[in-house]
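Here is a short briefing to read with the model open in your viewer. Please keep the sequence at hand as well.

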Amino acid sequence: MKIAVYGKGGIGKSTLSCHLSIAFAKRGKRVLQIGCDPKHDSTFPLTGFLIPTIIDTLQAKDYHYEDVWPEDIIYQGYGGVDCVEAGGPPAGAGCGGYVVGETVKLLKELNAFYEYDVIIFDVLGDVVCGGFAAPLNYADYCLIATDNGFDALFAANRIVASVREKARTHPLRLAGLVANRTAERDLINEYVKNCPIPVLETFPPLEQMRVSRVEGTTLYEKAEEDFSCFEFVESYLNLADQFLVYPEGVVPNELNDRELFQTLSSHYLGNEADESSNTLDFMMV
């Protein structure tokens, strides 16, 4: 099973990906997490350090794939989760999608890509150009992280459009949304009422999560000493279990920009139609 995790930049995708990876490993699955971000810090909470990237390793070997060994690029993290960081091109040059493609190509060359029960692609920010939509070419499911704000839902809606487009030619489905770092869901509920998508789990803000990310650890480790983390750990296991039954998923139809503005602004303004219309017309100029 291959899962691509998307969402607005800063929404907590890497933290979500790491804890979901551990949850799958706790269920007895062999898991690989692939960080698809030039920051190459997706797997930091799992390993405790910034592991070398695929691109850096290939450059050091003059792109001689035959000189690269699995131990050069695959590092084991907490819970037995294997970790790879794709890296990225220099700022302002190259294409991130090319880097993802080279990563998959190299893993296949090493006969590693098909050795895992679960592969999680943790994808950079809300960039859904052709390049950074590349992980959707390999995924069975897309999982979108969002919060209860307009910007995150706008990004989610664009990702929904990418899933719909990729599903034309790939066996890809949208598994659903995760409400991340939010205790409220009113805007999310309004969005999925108009664009039917499952909401798989809700994770309210937790200070220990932020601290663990900085420390290069996970809530699974903290839960051994701090019972307040236990509920979150159980929620990640629940999320993994929802995938392990191979959900049908959906091929959604995104809202167009005007519909999205209208839906969310109407909710903000208490369905005052005239005021919403005026605000919408101003925002769309």
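Predicted model: local features only at pLDDT ≥ 70, side-chain atom pairs only at ≥ 80, totals over all residues.

Residues are numbered from 1 along each chain as its sequence is written, and side-chain values use heavy atoms, with hydrogens and water left out.

**The largest pocket**

- The largest pocket holds about 440 Å³ of space; here a pocket is an open set of points on a 1 Å grid over the protein atoms alone, where a 1.4 Å probe fits and protein lies on both sides within 12 Å along at least five of seven lines. The volume is the space filled by probe spheres set on the points, which are joined across faces, edges and corners.
- Of its 27 lining residues, G12, K13, S14, T15 and R181 are the closest to the centre; a lining residue has an atom within 4 Å of a point.
- Two or more lining residues come from each of α1, β5 (118–123), α8 and α10 (230–244), with α1 giving the most, 4 residues. Helices (H or I, at least four residues) and strands (E, at least two) are DSSP runs, numbered from the N terminus.
- By class, the lining has 11 nonpolar, 8 polar and 8 charged residues. Ala, Val, Leu, Ile, Met, Phe, Trp, Tyr, Cys and Pro count as nonpolar, Asp, Glu, Lys and Arg as charged, and the others, Gly among them, as polar.

**The annotated binding site**

- In an unreviewed UniProt entry, the annotation "binding site" covers G10, I11, G12, K13, S14, T15, K39, N180, R181, P204, P205 and L206. They are spread over 197 residues of sequence, and also in space, up to 25.5 Å between C-alpha atoms.
- The lining of the largest pocket includes G10, I11, G12, K13, S14, T15, K39, N180, R181, P204, P205 and L206 from that annotation. UniProt positions are given in the numbering used here, feature names are shortened, and annotations may be inferred rather than shown by experiment.

- I11 sits in the loop between β1 (2–7) and α1. I11 counts as buried because its relative accessibility is 3% (buried is under 20% relative accessible area, exposed over 50%, partly exposed in between, with a 1.4 Å probe and protein chains only).
- Leaving aside neighbours within four places in sequence, I11 is in contact (heavy atoms within 4.5 Å) with A145, T146, D147, A152, N180 and R181.
- S14 belongs to helix α1 (residues 13–26) and is buried at 15% relative accessibility. Not counting residues up to four places away in sequence, S14 touches Q33, S42, D122 and R213.
- T15 is also found in helix α1, and T15 is buried at 12%. With residues up to four places away in sequence not counted, T15 touches M209 and R213.

**A buried loop residue**

- T218 lies in the loop between α8 (207–215) and α9 (219–222), and T218 is buried with a relative accessible area of 0%.
- Beyond its neighbours within four places in sequence, T218 is in contact with H19, I22, P45, L46, Y78 and S212.

**Positive phi outside glycine**

- D62, not a glycine, has a positive phi of about 55 degrees. D62 is in the loop between α3 (54–60) and α4 (70–73) and is exposed at 58% relative accessibility.
- N111 likewise has a positive phi of about 55 degrees although it is not a glycine. N111 is in the loop between α5 (96–109) and β5, and N111 is exposed at 58% relative accessibility.
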